[in-house]
Amino acid sequence: MGKTRILQNKAYLYVTEFFAGMSVMAVELGASRLLAPYFSSSQIVWTIIIGTIMIAMALGNIYGGRAADKNPNPDRLYFRMAVAAVWIAMIPVAGKYIILGISALLIFSVNSNFLICAAFAACMVIFVFPLFLLGTVTPSLVKYTVDSLEDNGKTVGMLNASNTIGSILGTFLPTFVTIPAVGTSVTFLIFAGILLLLSLIYFWNTRGCGRGTLVSLCLYLACCLFGSSTSFAFWETGLTYEGESVYNYLQVKETDSSVILSTNVLFGVQSILKKDNSLTGMYYDYAMAAPLMAGVYEKDTMDVLVLGMGTGTFASQCMRYFPNMQIEGVEIDEKITALARDYFAMPSHIAVADYDGRAYLQASDHKYDVIMVDAYQDITIPFQMSSVEFFTMVKNHLKRDGVMVVNMNMRGTKEGNINQYLSDTIAHVFDTVYTVDVPGSTNRELFAQASPGRDMENMINMMQDNLALTPDTKLFDLISEVAQGLTPYEPGSYVMTDDRAPVELLGMQVIDELIRDEAEYYRGIYEKEGIRGLLEQL
């Protein structure tokens, strides 16, 4: 009788469909945030997530329909939902360990496409099973709600509408509410709790409080206790800050000499502050050749725009060495800007727009002496900031003798690598293009001159004339090295447009190359000294 009472008007079934649809989308978005700190948030990773989830849902649809025909008992559906809820709740507890475990195994067995293989394997292990179970919801509910052929269209339509509306909310709530407010881990726990609550309410109304309900509730509470931590880099101790924004995973680490921002657990430094106000020893130093190329000491004021402001490393250094700077920044992630003010001593008078760099240029008619493009998001480049159309827009915002500097942080060696694509694209827009590699890193700085008719020699002469006026000997020595390393770029045919800019795939190829080279070192240790020698080296 209890079972009939809760399901007799079908309202609870529609509610079940609504929250199941919501939870599927929430888990999908949570999956992207769980994987992003390790594998990036590129279109490739999104493709893996969406594809894996669709496979799971399709298999769940098939199984759910057959199971409902064979045994149309709602107990089975709500039991599957309880299992899915507990599994999803366990993701914050075990997910990051599974990701690193899979990565550790694959790095010794996969010779190419490491990130793609690791991301796909992680998705399969972590997300396929619970989403397979949730895929059984819709066909099962159709079996329970359709009473006759006269109104089956209406009933199925209501179920689909409930699922779709739930999916819409499940798309917006994690992105704009739960993940920014409480993080990815708690987001998983919230939606797992909703699924578990639906299951528990059903069983309490039909069977009372049985052993199964108590076990599932205890497991969920244990996951809440141990899985609410927001730490993705669980092996790190003493982090100054770790959190998430709408766009990024964010980590601030402090050493005796520096404060460092990273937006990826495993790759790179996105911004740095040297506590003694010295040069960073990174690409930011090399990029400071751009103001000298634009004649910084010959002008009363120099207007500079930084697209991809980060925490303001380049801006702060420019202001330290060139007092006539007027700097504007564009940083799409407002939380990074807040970290810049709190931890990186970015001056409050530097204006930073929380905007997409290309959209900012589109809305502005101001012209600049120097525009720096440093728009990497974790380890990927936004495609809309890598095309001919974008760099044409940058050129149109430069003064006649203005200079653009672009940071390219993945220097590949194969023909047709991402830096070659970027350089060819820029050379398609600018007449004067030259590059310099940053020692000890994978970075390459590209400089482009907006004014027609100015060649390499003119630019170097301008830089050296202004460099002679600098009172700082360390800066003088550094830029002298830059001048010696500058190489005119001979353009090829690898041009990216808004219609075709495969930056994610190209970036993954270079990262894969870097990982493979690094893995060879550790493979050699393993082959000679075994697992003990490898652990000692790590």
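Colleague: Which residue caps the N-terminal end of H4?

Modeller: Happy to start there; this is a predicted model, where local features need pLDDT of at least 70, side-chain atom pairs count only at pLDDT 80 or more, and totals for chains, interfaces and linings use all residues. Residues are numbered from 1 along each chain as its sequence is written, and side-chain values use heavy atoms, with hydrogens and water left out. A polar contact is a pair of N or O atoms within 3.5 Å; within protein, one must be able to donate a hydrogen and the other to accept it, and residues adjacent in sequence count only if both atoms are side-chain atoms. Here a side-chain oxygen lies 3.0 Å from the backbone nitrogen of Asp75, and the capping residue is Asn73.

Colleague: Where does helix H4 bend?

Modeller: Helices (H or I, at least four residues) and strands (E, at least two) are DSSP runs, numbered from the N terminus. The bend at a residue is the angle between axes fitted to the seven residues ending there and the seven starting there. For H4, residues 74–107, that angle is about 60°, and the place is Ala94.

Colleague: At what angle do H2 and H3 pack?

Modeller: Axes are lines fitted to C-alpha atoms, for helices over the stretch in contact, and angles run from 0 to 180 degrees between N-to-C directions. Contact means heavy atoms within 4.5 Å, and the residues that meet include Leu35 and Phe39 in H2 and Val45 and Trp46 in H3. The axes of H2 (residues 11–39) and H3 (residues 43–70) are 10 Å apart, and the angle is about 140°.

Colleague: Which strands are the edges of the four-stranded sheet?

Modeller: Two strands pair if DSSP finds at least two bridges between them. This open sheet has antiparallel pairing in the order E1-E2-E3-E4. Each edge strand pairs on one side only, and these are E1 (241–244) and E4 (271–274).

Colleague: Which helix lies across E1, E2, E3 and E4?

Modeller: The helix spans residues 334–343 and runs at about 15° to E2 (249–254). Its name is H13.

Colleague: What is the bridge partner of Val304 in E6?

Modeller: E5 (residues 302–307) and E6 (residues 325–330) pair in the parallel sense over six bridges. The partner of Val304 is Ile327.
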